[in-house]
Amino acid sequence: MTAGLKETDNVVVVGASAAGLAAADGLREGGFEGPITVLGSELHHPYDRPTLSKGLLLGQGEPELLEIRSAERIRQNRITLLLGHQAVGLDIDRKFVITNYGETLPWDAVVLACGGRARVLTTVEGEALPVLRTPNDLRALRRAAARHGDVTVVGAGLIGLEIAAGLSAHGVSITVVHDTERPMDGIVGPELGQVISDLHSKHGVQLKMSSAVTSVTGELGAYTLHLVDGSTHQTPYVVVGIGVDPEVDWLLDSGVALDRGVLTDAAGQTNVPGVWAAGDVARSAHPMFREPLRIEHWTHAVERGRHVGLNIARGTEESFGGVPYFWSDQFGRRFHSYGRRAPGDEIFVAEGSLMTDEFLVLFGRDGEFHAVFASGLSRSLRGYRKLLARGGTWDDALDLAHASNPDLARSAAR
């Protein structure tokens with residue numbers, strides 16, 4: 001157990017993100033009455049980033065950002081929110097966070113919740129191609145789609161596919177280029193990757209899979225993508241969705257342990273006393289997994305941020321055991337997933353059929369139950385989520401599936 005905070009202690013939260021503001025809430029919920037300062041690198045009031053590629057991409061006119069905390073709630077929780085203030089250094093000896101304004105903010109505990117930055121693809125001529133990460137990115141993408149009517153998306157992960165589905169619904173001609181055989185292959189495996197591929201093809205999205213981009217030449221209105229097989233693809237506009245890197249450059253000489261993110265234990269603590277981390281920047285131990293993971297999903301960020309805040313306020317070191325979760329809307333279909341599929345997992349269709357709009361699929365291997373994925377059927381997920389949380393086995397998952405649908409065969413779907 002660590003020492004709890006006193007009312008005179010200062011907590012600095014680096015990042016006005018979902019994880020950062022959840023940590024501030026957890027501090028207050030845990031009984032901490034002292035000063036809390038939250039640094040937000042953007043000038044926008046804290047907003048819900050996932051909606052940029054979900055509902056807001058489909059909208060018209062000026063996007064109405066969804067606040068993740070109202071100004072009134074921030075005021076009631078006595079949080080000092082400093083917008084446009086970015087952390088550029090962390091002094092662990094004198095306990096200061098150094099900002100881009102040269103300020104030195106004292107801390108008795110600090111929460112690193114600074115998230116990540118979108119990976120960039122740069123043309124041969126030196127132009128960084130657009131991404132979708134901020135409200136300004138969203139405005140630029142809307143304008144370009146309306147002007148050109150033809151957009152190429154590099155990346156067939158969640159963000160890339162949501163961009164493709166959103167713009168296609170506006171009648172924009174969409175091409176998706178990616179280096180795997182099917183969309184979301186690494187997340188959902190080949191069977192569901194094919195389902196998602198068929199869904200996008202059905203709605204007119206052109207998929208260029210197994211097509212890694214080796215370089216991009218040209219300029220706005222006339223880009224050429226050079227692909228690994230030697231072919232080329234011409235397009236007037238490119239938007240990139242190839243993942244996010246943790247925002248850790250400012251911590252390189254700080255003494256905080258880094259390895260593809262800020263390393264923490266299952267409680268959220270780093271190797272430095274008083275320094276904690278949550279959200280996209282954290283690569284954390286988890287009781288469900290054999291090695292630390294960096295989980296880049298909104299629900300996980302909120303739950304883990306709150307958990308860190310409670311641990312700091314109460315002087316505890318409770319491990320976080322929340323089940324990783326994500327959801328995605330694509331062409332009127334809502335996908336949900338709990339857990340994390342592992343390479344080589346077998347797949348079992350517990351409800352519905354992969355040939356229809358509604359199904360529920362289990363993933364597991366060697367007696368272990370790893371994940372559940374559903375298209376629709378969200379009510380059926382609850383039991384499997386609880387099973388994952390308590391470390392249930394593959395047989396437990398199959399028993400639950402059979403209890404819900406006695407007509408099921410217990411063989412794996414291929």
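Guide: Three strands make up an open sheet in the order E12-E13-E14, with antiparallel pairing. Here strands (E, at least two residues) and helices (H or I, at least four) are DSSP runs, numbered from the N terminus, and two strands pair if DSSP finds at least two bridges between them. In general, strands of a sheet pair through backbone hydrogen bonds, either parallel or antiparallel. The model is predicted: local features need pLDDT of at least 70 and side-chain atom pairs count only at pLDDT 80 or more, while totals for chains, interfaces and linings use all residues. Residues are numbered from 1 along each chain as its sequence is written, and side-chain values use heavy atoms, with hydrogens and water left out.

At the edges of this sheet stand strand E12 (213-219) and strand E14 (232-235), each of which pairs on one side only. From one strand to the next the twist averages 20 degrees; axes are lines fitted to C-alpha atoms, for helices over the stretch in contact, and angles run from 0 to 180 degrees between N-to-C directions. Strand E13 (residues 222-227) is joined to E14 by four bridges in the antiparallel sense, and threonine 224 has glutamine 234 of E14 as its bridge partner.

A second sheet is also open, but its pairing is parallel: five strands follow the order E3-E2-E1-E7-E18. Strand E3 (79-83) and strand E18 (275-277) each have a single partner strand, so one side of each lacks a neighbour in the sheet. Neighbouring strands here are turned by 20 degrees against each other on average, direction ignored. Between strand E7 (residues 109-112) and E18 there are three bridges, and the two run parallel; valine 110 is partnered by valine 275 in E18.

Two helices lie across strands of this second sheet. Helix H1 (residues 18-29) lies across strand E1 (11-14), strand E2 (36-40), E3 and E7, at about 175 degrees to E2. Helix H7 (residues 298-314) lies across E7 and E18, and runs at about 160 degrees to E18.

Hairpins come next. Strand E4 (residues 87-91) pairs with E5 over four bridges in the antiparallel sense, with alanine 87 opposite threonine 99 in E5. Four residues separate E4 and E5 in their hairpin, and lysine 95 in the turn has a positive phi of about 60 degrees. E5 also pairs with strand E6 (residues 104-106), again antiparallel, over three bridges, and isoleucine 98 stands opposite threonine 104 in E6. The hairpin of E5 and E6 likewise has four residues between the strands, and in it glycine 102 takes a positive phi near 85 degrees. Strand E5 (residues 96-99) has Val97 and Thr99 on a covered face, and Phe96 and Ile98 on an uncovered one.

Strand E9 (residues 150-154) is largely enclosed by the rest of the structure, because four of its five residues are buried. Buried means under 20% relative accessible area, exposed over 50%, and partly exposed in between (1.4 Å probe, protein chains only). E9 runs parallel to strand E10 (residues 173-177), to which five bridges join it; the partner of valine 153 in E10 is valine 176.

Note on methods
Contact = heavy atoms within 4.5 Å.
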